[in-house]
Amino acid sequence: MATVLVFGAVVSCAGPARSATAVEIRDYQGERLRSVNDFRENSIKGPQRVDSAGYRLKIGGLVKKELSLPLDQALKYPQDRRLVQTDCVEGWSVRVLWESIRLVPLLDSAGVDSGANTVIFHAVDGYTTSLSLQFVRDRDLILAHKMNGVVMSAARGYPFDLVAENKWGYKWIRWVDGIELSSDSVYRGYWEKRGYNQKGDVTGPIYEGKGPQWFK
Ligand SMILES: Nc1nc2c(c(=O)[nH]1)N[C@H]1C(S)=C(S)[C@@H](COP(=O)(O)O)O[C@H]1N2
Ligand SMILES: [Mo]
């Protein structure tokens, strides 16, 4: 009976709650990393809490075979880890170690149609953003499940945050549950519709046209 109770306690710690006890990597390849606690909360509907049991990562749109992957199956795809900085248009930056599945093998297993040139990402809070398929492939982008070696917290984006290297923070969509292949190369996501640059390059302009609210 005692064994059952102890085992039960361990199981209930699975998922995002475990990150509270695991230790963050703070030194990596001679560099002092920032902490996962250094991020600011600015989500459109506040932090989301995704239940791993009911979660599915869907890949659809212009694909040969739609996929709907439970979390454990999604995590079986090839993984990578990257030291990347997030830059928000509000003027703050945080550099941490991001780790988990690569998008290209995921897209390849769904089979991308030749007409697709854009990847539209969807999240549980209704937020969307897009990147060109070419950029996703060239950069071999990853969806992060861990930050600084620890499974990310619900607030940070569990179970997946897009590591949109060299793009403004609004391209780093958290709580991702949908990946849509599209031919709409001028698609505008949540902030892009409100005047933020559709390409979102950190080396390029923040706004387009007349700036905020222009596309409303
Ligand atoms: N689903 C979702 N993802 C989102 C947002 C959001 O409101 N909802 N906000 C974006 C913006 S504007 C920024 S700057 C980053 C900040 O998140 P981070 O602190 O994890 O980098 O999240 C991005 N991803
Ligand atoms: Mo942002």
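Predicted model: local features only at pLDDT ≥ 70, side-chain atom pairs only at ≥ 80, totals over all residues.
**Entry 1**

I first asked which residues come nearest to ligand 1. There are 20 residues around the ligand, and Ile-44, Asp-125, Arg-156, Trp-172 and Arg-174 are the nearest of them. I then sorted this shell by residue class and noted eleven nonpolar, four polar and five charged residues.

**Entry 2: polar contacts of ligand 1**

I looked up individual atom pairs, taking N or O atoms within 3.5 Å as a polar contact. At Ile-44, a polar backbone atom is 2.8 Å from an oxygen atom of ligand 1. At Trp-172, a polar backbone atom is 2.9 Å from a nitrogen atom of the ligand. Arg-156 contributes through its side chain, with a polar atom 3.0 Å from a ligand oxygen. I next looked up how much of the ligand surface the protein covers. Ligand 1 would expose 530 Å² if taken alone, and the protein buries 98% of that area.

**Entry 3: the pocket**

Where does ligand 1 sit? I found ligand 1 in the largest pocket. I recorded a volume of about 450 Å³ for this pocket. Its lining comprises 24 residues, and those closest to the pocket centre are Asn-42, Tyr-127, Gly-169, Tyr-170 and Arg-174.

**Entry 4: backbone geometry**

I turned to the backbone and looked up a cis peptide bond. The bond from Tyr-158 to Pro-159 is cis, and its omega is near 5 degrees. Pro-159 belongs to the loop that joins strand E11 (150-151) to strand E12 (161-162).

I also noted two residues other than glycine with a positive phi. For Asp-140, phi is about 50 degrees. Asp-140 lies in the loop between helix H4 (133-139) and strand E9 (143-144). For Trp-175, phi is near 55 degrees. I placed Trp-175 in the loop between E12 and strand E13 (176-182).

Definitions and conventions
Residues numbered from 1 in each chain as written. Chains lettered and ligands numbered in written order. Heavy atoms only, no water. Near = heavy atom within 4 Å. Polar contact = N/O pair within 3.5 Å; in protein donor to acceptor, adjacent residues only side chain to side chain. Areas by Shrake-Rupley, 256 points an atom, 1.4 Å probe, with all protein chains shown as cover. 1 Å grid on protein atoms, 1.4 Å probe; cavity = no way out; pocket = protein on both sides within 12 Å on 5 of 7 lines; lining within 4 Å. Sits in = over half its atoms within 2 Å of the grid points. Nonpolar A, V, L, I, M, F, W, Y, C, P; charged D, E, K, R; others polar. Points joined across faces, edges and corners; volume = space filled by probe spheres on them. Helix = DSSP H or I, 4+ residues; strand = E, 2+ residues; numbered from the N terminus.
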